[in-house]
Amino acid sequence: MVATGCNMCLKGAKMVLFVTGVCGFSCWYCPLSEERWQKDVVYANERPVLCDDDVLEEARAMNALGTGITGGDPVGCLERTLHYATLLKKEWPDHHIHLYTASHLKEKTLEVMEGLIDELRFHLIDFSDISFVSRALKYRFDVGVEIPMIPSRVRETQHLIQRLKGIGIHFININELEYADRTIEEMRKRKLTLSNDTCVIEESGKAAAQVVQDEVVHYCTAHDKDSIQLRNRFIRRAALTRKPYEDIEDGMLVKGVIVCCSGRAARNIRTLLLERVDVPEAFVEVLGERVETHWALAEEAVPWIKPMEGIIQIGIEKRYPTYTNPLIEYIPL
Ligand code: SF4
């Protein structure tokens, strides 16, 4: 079964709310980056969160239908986690919230989560104890287990799946094992093969094929995460945040950019462009020393703009439509 939260994620409709990098566990395969690992920071997608409005604005910017609360261990800062869940539910009562945790939750915690959390996903580190999963199944939310596919744990994982089915688990997610800069050494120590094309461990897919043979189990590959889920989230955010002159290509925003030596020169270029081409004023914008416009318009204007004084460079930019808006590709014209 594919969990409700996964379906939304694959459509790119889930916001990722990272509530803390702090975690009391120390999994050797932990995918957190150096910037987030054990740092008490909050991010809504790629946006640093300094106040509640940052969370709501980010959710609006992508028209999020739900949120996945993650960390670190979100239960380690329970008050904060519940605060954000309440904030989102108050604004959008149907907003679907799933929460990841490796903590063994007690009744008191499960009770306060009811009504706020729609789906609980336990990351099992030690497979021997699943009593806390049984406990969570008595409450009004979907309960699943989400674990990375560690190649040496095939038999242990097969056995775990049978036991989880026995207690009536709602879903099990098996993730392709990935490596990060921080974990490369650990992966090598365990003689695992690091793929050169993507950040995955090559043996993980084969191992997963031996355990994913049941409809309660869903296998999530790194490709699902990056090429489908993340790309769809970018397309969704791009459609809502794009400027009139920006095109969307593969989840990136594409535009023409003319960099001038001063703001004054940029304003002059804008005036000239609008005199020469019949486009709405909103199609040419000055931002500091940059003139931004549709890429085709910039391309068309190259022969007369390039030789002009005060022009530093002209080109096409492709950027991710995230809060930080990183430049992914630059094509000089
Ligand atoms: S529980 Fe999660 S965040 Fe904590 S160390 Fe393990 S993988 Fe990392």
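How are α2 and α3 oriented to each other, and why? I'll come back to that. First, some ground rules.

This is a predicted model: local features need pLDDT of at least 70, side-chain atom pairs count only at pLDDT 80 or more, and totals for chains, interfaces and linings use all residues. Residues are numbered from 1 along each chain as its sequence is written.

Now the overview. The protein has 11 helices and 15 strands. Those are DSSP runs, numbered from the N terminus: helices are H or I with at least four residues, strands are E with at least two. The C-alpha trace spans about 75 × 45 × 35 Å along its principal axes.

Next, burial. Of 333 residues, 36% count as buried. Buried means 20 or more other C-beta atoms within 10 Å of the residue's own, with C-beta atoms placed from the backbone.

On to contacts. Two residues are in contact if their C-beta atoms, placed from the backbone, lie within 7 Å. Take the contacts between residues at least 6 apart in sequence: 67% of them join residues at least 24 apart.

Then the cores. A nonpolar core is a set of buried Ala, Val, Leu, Ile, Met, Phe, Trp, Tyr and Cys residues joined through C-beta atoms within 7 Å. The largest has 51 residues, and L17, I69 and I172 have the most contacts inside it. Set aside neighbours within four places in sequence, and L17 touches A44, V55, T67, G68, I69 and Y84. A second, separate core has 18 residues, including L253, V254, L273 and A301.

Back to the opening question. Helix α2, residues 52-61, packs on helix α3, residues 78-91, at about 50 degrees, with the axes 11 Å apart. Axes are lines fitted to C-alpha atoms over the stretch in contact, and angles run from 0 to 180 degrees between N-to-C directions. Angles under 35 degrees are roughly parallel, over 145 roughly antiparallel, 65 to 115 roughly perpendicular, and the rest oblique. So α2 and α3 are oblique to each other. From α2, the contact uses D52, V55, L56 and A59; from α3, Y84, L87, L88 and E91.

One more pair. Helix α6, residues 154-166, and helix α8, residues 202-211, have axes that come within 9 Å and cross at roughly 35 degrees. V154, T157, Q158 and I161 of α6 meet A207, Q210 and V211 of α8.

That's the tour. Thanks.

Technical notes
A residue is buried if 20 or more other C-beta atoms lie within 10 Å of its own, exposed if 12 or fewer, and partly exposed in between; C-beta atoms are placed from the backbone.
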